[in-house]
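Hi,

Here is the structure I said I would pass on. Have a look at it first, and then read my notes below.

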There are 4 protein chains.
Amino acid sequence: MQRLSEREWQAYTEKYKNRARMLISCPDRPGIVAAISHFLFQQGANIVQSDQYTTDPESGRFFMRIEFELSNLEERCEVIKAAFSPIAKNFEMEYSLVQASKRKKVAIFVSKEDHCLLELLWRWNSGELYADISVVISNHPDMRETVESFGIPYHCIPVTKENKPEAEIAQIAAAEGADLIVLARYMQILSPRFLEDYAMRIINIHHSFLPAFVGAKPYEQAYRRGVKLIGATAHYVTEELDAGPIIEQDVQRVTHQEDVETLKQLGRQVERTVLARAVGWHLEDRVLVYGNKTIVFP
Amino acid sequence: MQRLSEREWQAYTEKYKNRARMLISCPDRPGIVAAISHFLFQQGANIVQSDQYTTDPESGRFFMRIEFELSNLEERCEVIKAAFSPIAKNFEMEYSLVQASKRKKVAIFVSKEDHCLLELLWRWNSGELYADISVVISNHPDMRETVESFGIPYHCIPVTKENKPEAEIAQIAAAEGADLIVLARYMQILSPRFLEDYAMRIINIHHSFLPAFVGAKPYEQAYRRGVKLIGATAHYVTEELDAGPIIEQDVQRVTHQEDVETLKQLGRQVERTVLARAVGWHLEDRVLVYGNKTIVFP
Amino acid sequence: MQRLSEREWQAYTEKYKNRARMLISCPDRPGIVAAISHFLFQQGANIVQSDQYTTDPESGRFFMRIEFELSNLEERCEVIKAAFSPIAKNFEMEYSLVQASKRKKVAIFVSKEDHCLLELLWRWNSGELYADISVVISNHPDMRETVESFGIPYHCIPVTKENKPEAEIAQIAAAEGADLIVLARYMQILSPRFLEDYAMRIINIHHSFLPAFVGAKPYEQAYRRGVKLIGATAHYVTEELDAGPIIEQDVQRVTHQEDVETLKQLGRQVERTVLARAVGWHLEDRVLVYGNKTIVFP
Amino acid sequence: MQRLSEREWQAYTEKYKNRARMLISCPDRPGIVAAISHFLFQQGANIVQSDQYTTDPESGRFFMRIEFELSNLEERCEVIKAAFSPIAKNFEMEYSLVQASKRKKVAIFVSKEDHCLLELLWRWNSGELYADISVVISNHPDMRETVESFGIPYHCIPVTKENKPEAEIAQIAAAEGADLIVLARYMQILSPRFLEDYAMRIINIHHSFLPAFVGAKPYEQAYRRGVKLIGATAHYVTEELDAGPIIEQDVQRVTHQEDVETLKQLGRQVERTVLARAVGWHLEDRVLVYGNKTIVFP
């Protein structure tokens, strides 16, 4: 696979070296935006994008994503966080400050279907996903050569009923340090402990328009029900199967002509698009979770 | 309401006076198409459209919709049916022969929401739905003036827990002779007897992408689940609620910004489009039912 | 036509009586958001939505739409404008402050096709378009009854080659005081003076996916070219025909089967949807124009 | 790249070894379908799919695609063609008989952008494109490793102003025997002679919704015009640039936020999907050309 050169990554990193993103959530009340924007102005920042959402104008929760340019960001990042902390305290904010140039570490889990994995690898390799894909973990050996051709380590960790706990320990070790785990059609259930460690940092692609066709064999279910659209859903993984916060969904028109095999084939295109979009938005810190829902800032 | 003139209907009727449609279903085996097309050729017919579908190439069921021109159709219709009957018997066909110029009688049921009804009336009045809308039946008086302005009789039959059987008798009387019943957001459940009398001739619009959000208050359900697309489903009504054969579905993208009211507003556009398409296809004899699914020929 | 009661309008007006919208554009530089939000905080406003866009992070132009709640808005509106003026001057802002509860006056122009007009009237009558449709102006008498059934005055002003200037004077008189003019398939060209008077306040629906099929008979052009999607475009009208800033576009899939008549029929659905969306966004002050393009805030 | 095993190809070939497709076009008149289906029945064929289209019911041209199963197809293919020839002559048919199990030879031309090529290779490798991709020809060396990892020969033939005729001779030699040439973002113009040799057998992907933005830099054009949807068009290549028969088009919604780079990025997804669909349909003999338009049978 022809690889994106290190020089191209560098160009991006250089371009965004002074770009920061703040994600904020707090109880809504007057003065929040004024306080934040005044603070940023004092620091010499130039706001380049800003989005906000209040769950309920009366007594709701306020969410904000703000992107700004600030010279010497790298050196000043910690100082700024410290300076911001009284404001955060005053408004009871949960917040994070992220440098746009820092690549998030991503571990991808995959079983035997390669379409979602390949979509992510392509987009990554073409510079569309700004991340550091640190490892691909699979319960099958099949995709080693492909993955390694992108210069990414491949860990084959077979999972059986008997070795599940040990396998997971090996997986956790292999994913060490990951900021995000992507289940790119990884057909195994993760343990509650795993889910807790990576709460709202595991994205799964479900091959149906949730909440229709929860559980196994959604294309077979869709075929039997005779739906006229099939879909896919990218969501954060929570303990309840297929019930976590939805990040993105899309559908594809089908007709009576399609058999289950063709539904699967058409569905693969939707799955990989939907997953790639969701991962991209997460990497750009566009997704905030509240309750069991997401805010996705454009 | 400015009405489509009788002259415009006449023009259509005149144009299609020799246009027939045959709908056929039978066990698949070689020779079916040859027998049908040979028969039509002998009768002097010219096939203008033909579509077929076999559920399974090995041992399935064969479905066909064939549209043809035949001079003096009106007079020869019964003779042709008689002549076709040995072929039908030989291949164990279920079939129907329909004159395209015969307007189907349609009764529309509606409650308080007017968007689906108005869509149907407008498409009908602009010549897009070739039908005879013979009556609108409602459990509320609200839409009388609107409906009557289209020259269509309006029957207000209030339905309460107590009068349900009597109300249904009145409804059946009002719908007398209908070829198709459309539930254009009619929020009441029909009795099994009613459903049986009009089997696969009652179309309902459900305000969700079925089978997601079966039952009451689908937009509230969709809001709580945080889906990124909302949808609507037109289906034939069967005894099991929201589970009949799906004719058409469509969706509309939404974001976290939409509250339940906005979902309903956006959903209304999808509902009326989906219902109008399904009704149009039914009127043009494009929909065949097998098992719990539909074939919709283009 | 069953009419939205005055009580329902009142409820909306009451609900939004303290809701204001500010639209701002100025050269980009640090401190704009801080200045605006600080000002609003001092006035006691609570920001409920805020969107911004900078054409170019380096040296571009800054655009903002900000929606806020402020008690006693009606009385304080002028005082606030005055208080804001030093800030506006300092940042070289163009801006406007709009009360959300004030209905914009809309004049609709129409020729013989009724689908776009009816879509607007329905959405208006169902409370989806918050406006005061003050008049419908047509060069044909056909839609008088329909329009008047909504309680809206109808002016039939025939336009011929000979009477064009006089007709336009009559049109201008009839549209007197309109905040927005909507050309709902009005197939006549307006004079440069008219366009100037209503710059960026005339919305037209063009029945193609512009800039494909500029000019007359776009469906015929689309048919001849054999496109697989047909579309519609809502845009502000400028002197150059079909070349004004695009507000909204959408498309509909078609196949080789469609003849020109069917393309027109399918196209009508896209046209009315696209126009209604564009008008709705304009009424909610979501559309800003820069150069020959629009910003549409969500 | 993990390769589809020869055994999987064999399974497909075996499954469809008795599957044939006939493509027919002739002047419309009664009896065509009867003659064809009677012939096929006599030969012992079982029709599994059949689609037809008449350009004009009055005096038009008839087009048909018919797919059937016939035992011992391989041996009987020539005999059947011979037996069919009197019918073909009688109805003045142009026709072809194709064995579904015969893989078409495909040569792909590419420049520096790899997304369309990769999409085709991935779909081919996953069994979705049933073809024999015999060669990839490029004017750049960049994608050699990737292409060869799929087991496909890569010919790098640089094209300059000076060497154009010689380069084309080398290209023609490299593509020798191709049934289909795919220009997967190959940014060079082919000579009239080349086009003639491969008439209606060269598919190009144009990165706009044609006929909008003909010619160079369509995304720059789209950006300047401020469109709200960007698109891509797959078409057969003819002498007039970007004007050949359209096979498939699709679009993607964009907003004012997108700069030219982002438009290109979003556009890439549409381009590769549209091209892959068009190539798939061509390989399955679903596309017929008449005049400057295509019929695409479902």
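**The sheet in chain B**

In chain B, seven strands make up an open sheet with mixed pairing, in the order β7-β6-β5-β8-β9-β10-β11. Why do β7 (154-156) and β11 (246-253) of chain B each have one side without a neighbour in the sheet? They stand at the edges with a single partner strand each, so there is nothing beside them in the sheet on that one side. On average, neighbouring strands in this sheet are turned by 20° against each other, direction ignored. Do keep in mind that all of this comes from a predicted model.

Along β8(B), B:Leu180 is the residue opposite B:Val106. Then look for helix α6 (residues 164-175) of chain B, which lies across β5, β6 (131-138), β7 and β8 of chain B. Helix α6 of chain B runs at about 160° to β6(B).

**The sheet in chain C**

Chain C has an open sheet of seven strands too, with mixed pairing and the order β7-β6-β5-β8-β9-β10-β11. At its edges are β7 (154-156) and β11 (246-253) of chain C, each with a single partner strand, so one side of each has no neighbour in the sheet. Here I followed another pair: β10 (residues 229-236) of chain C and β11(C) run antiparallel, with seven bridges between them. C:Leu229 sits opposite C:Arg253 in β11(C). Helix α4 (residues 115-125) of chain C packs on this sheet and touches β5 (104-110), β6 (131-138), β8 (180-183) and β9 (202-206) of chain C. The direction of helix α4 of chain C makes about 160° with that of β6(C).

Now for the contacts between chains. The size of an interface is often given as the accessible area lost when the parts come together. For chain A and chain B, that area is about 2800 Å², with 54% of it on carbon and sulfur atoms. Which residues of chain A lose the most area to chain B? They are A:Arg225, A:Lys228 and A:His256, which together account for 26% of what that side buries. In contact here are 32 residues of chain A and 32 residues of chain B.

This interface has four salt bridges, and one between side chains joins B:Asp250 to A:Arg253 (3.5 Å, N to O). There are also 20 residue pairs in polar contact between chain A and chain B. On the side of chain A that touches chain B, α8 (218-225), β11 (246-253) and β13 (293-296) of chain A give two or more residues each. β11(A) gives the most, with seven residues. Sorted by class, that side has 16 nonpolar, seven polar and nine charged residues.

**Where chain A meets chain D**

Chain A also touches chain D, with 21 residues of chain A in contact with 20 residues of chain D. These two chains bury about 2000 Å² between them, 40% of it on carbon and sulfur atoms. How many salt bridges cross this interface? The count is four, and one side-chain pair to look up is A:Glu128 with D:Arg268 (2.8 Å, N to O). Nine residue pairs are in polar contact between chain A and chain D.

Definitions and conventions. Residues are numbered from 1 along each chain as its sequence is written. Chains are lettered from A and ligands numbered from 1 in the order in which they are written. This is a predicted model: local features need pLDDT of at least 70, side-chain atom pairs count only at pLDDT 80 or more; totals for chains, interfaces and linings use all residues. Side-chain values use heavy atoms; hydrogens and water are left out. Contact means heavy atoms within 4.5 Å. Buried area is the accessible area (1.4 Å probe) that two parts lose on being put together, summed over both. A polar contact is a pair of N or O atoms within 3.5 Å; within protein, one must be able to donate a hydrogen and the other to accept it, and residues adjacent in sequence count only if both atoms are side-chain atoms. Helices (H or I, at least four residues) and strands (E, at least two) are DSSP runs, numbered from the N terminus. Ala, Val, Leu, Ile, Met, Phe, Trp, Tyr, Cys and Pro count as nonpolar, Asp, Glu, Lys and Arg as charged, and the others, Gly among them, as polar. Two strands pair if DSSP finds at least two bridges between them. Axes are lines fitted to C-alpha atoms, for helices over the stretch in contact, and angles run from 0 to 180 degrees between N-to-C directions.
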